Amino acid sequence: MAYTGSLTQTALWQDLQHHFQATRDTHIREWFAEDPNRFHNFHVEAAGITLDYSKNRVNQDTMKLLFQLARERQLPEKLSAMFAGDAINRSENRPALHTALRNFSDREILVDGTDIMPEIRDTVHRMEEFCWKIRRNQWRGYTNRPFTDVVSIGIGGSFLGPKLASSALKPYWDSRLSIHYLANIDGSHITEILKRLDPATTLFIIQSKSFSTQETLKNANACREWFLDNGGTENELCKHFTAVSSNIEKATAFGISEENIFPMWDWVGGRYSLWSAIGLPLALAIGIDNFRELLRGAFEMDEHCRTAPLEENMPVTMALLGLWYVNFYGVNSHAILPYDHYLRSLPAYLQQLDMESNGKRVSIDGNVLDYNTGPIIWGGVGTNGQHAFHQLLHQGTHFSPCDFIMPMTSHNPIDNFHAMLVSNCLSQSQALLQGKSEEQAIAELMESGMSKAEAIVLAPQKIIPGNRPSNTLYFPKATPKSIGALIALYEHKVAAQGMLWGINSFDQWGVELGKQLGDKVLKAIESPEPSEGFDGSTNGLIQAFHRMQGML
């Protein structure tokens, strides 16, 4: 579809600028006072998840203008093009069809004129058979003992997505299997994993579309050598190694049987691949039925995003709020604060999803942008963060909107632990909203026994400005279905934001330069000859490595 013009050079953008100037100093408390129904008026529900966005620096007029912007930017049409399989990843001339992987409808989805749904369903069926064999001990290791451990070897999207979902759904794990994720090219990481395992009862899943990703292949070869050095043989590799890859030739040369190689497709980006066979270790952990429920939750969020009017559309609402803060308030970061131990990997996952997708400086047409795009994503699990970085959120000079994420029911109800956890979550968002005035600070200090003169001196240290925005996302319980919906929600929020900004959220060319230079630097590091051809700093660091390795 034809791309829309400049974002900032329109009459509507100027209207938003005027509205921002008129409302920027309004405290959210004032809007709550004016509207007794604000909580209900700034609420959206979808796929079992509820978004309360009433604690944002917006009013009804703000949202009306932002939804007008979404229509002016043809957001509904662009989202429809994504779901239909148009080649919206224009720099690589590919669709972005991760949604097809969880399509429970009867709709055909065409790529180059071919319906891809039969192949997707066949792959899920193969995954089901594979999981059944492993979990029912029908497929065993070379000593005929059942598998006790699965090591998933990947990096980026092949690592972060499955790792997040596995952690989030730990209560659903088969207690007979332990799942380990190996990604970092660091001898300490692989050593700490392998030293606890028995090669006779360990299954490896190598996740690499090309079967040549440097980090993944290095770790895979190290695991292969470990297996061979500890009792395994070349002929028995096929019992312990499987792959998710499109390069069948390289995978079979490694020692993997072709029947144990699962496909990857060009129309699914790595950071969107959890829903494919990349999710195989997760399916082994939680079972294929629960994996299907994860897909179904994502599908329900897909249908919501695809069909809901903009004003009731949760991903679109979150995308517009993010744009409001980045492009009008000048915000450059966004905090993700899950109040659930099992969701502790969510900030790291969303860092890749958001920053790799929308960390772009040119438009989809290649023009340098004159406005900011994706923010820095960071965060941590509550309540730990309250005793660490929340200080900056409350009193720092940096203004960072927050997403509080909270299941209302715990998998592990102990005493009143969960009530305390929820109370901490709600009180933090309330404190960000309300703040503490100078008068309140002085009164508190005087109540503690301090004189008024002393209180006046100390009060500035205790003032909290408030008026700091947050979303609260809540759902009944962290189930496979709700986690699927939550992840899909953020996928669509990021995609919608990229469409509003006019960038390509589905490529990642910035990742490639480091890979290219990494090969050259590695050759220089491994050579005893003096390094040349790099900048002075890199040459100096290579020489420092040589000295400390005793190569000079």
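A: Let's start with Glu128, which has 28% relative accessibility and so counts as partly exposed (buried means under 20% relative accessible area, exposed over 50%, partly exposed in between, with a 1.4 Å probe and protein chains only). Keep in mind that this is a predicted model, where local features need pLDDT of at least 70 and side-chain atom pairs count only at pLDDT 80 or more, while totals for chains, interfaces and linings use all residues. Residues are numbered from 1 along each chain as its sequence is written, and side-chain values use heavy atoms, leaving out hydrogens and water.

The partner of Glu128 is Arg292: the two form a salt bridge with their closest N and O atoms 3.0 Å apart (a side-chain nitrogen of Lys or Arg within 4 Å of a carboxyl oxygen of Asp or Glu). Glu128 sits in helix H6 (residues 117-135) and Arg292 in helix H13 (residues 288-307), so this pair links parts of the chain 164 residues apart (helices, H or I with at least four residues, and strands, E with at least two, are DSSP runs numbered from the N terminus). Arg292 is partly exposed too, with a relative accessible area of 29%.

Across the whole structure, a search finds 19 salt bridges. One of them joins Arg90 to Asp365, with the closest N and O atoms 2.4 Å apart. Arg90 lies in the loop between helix H5 (75-84) and strand E3 (110-111), and Asp365 in the loop between helix H15 (346-358) and strand E11 (376-379), so the pair ties together parts that are 275 residues apart in sequence. Arg90 is partly exposed at 39% relative accessibility, and Asp365 is partly exposed at 43%.

Glu444 and Lys436 also meet through their side chains, at 2.9 Å from N to O; Glu444 is partly exposed at 35% relative accessibility. Arg102, Asp302 and Glu491 are linked in a network of salt bridges.

Now back to strand E11, beside the loop that holds Asp365. E11 belongs to an open sheet of six strands, in the order E1-E2-E13-E12-E10-E11, with mixed pairing (two strands pair if DSSP finds at least two bridges between them). Strand E1 (43-46) and E11 stand at the edges with a single partner strand each, so one side of each is left without a neighbour in the sheet. Four bridges join E11 to strand E10 (residues 333-338), and the two run parallel.
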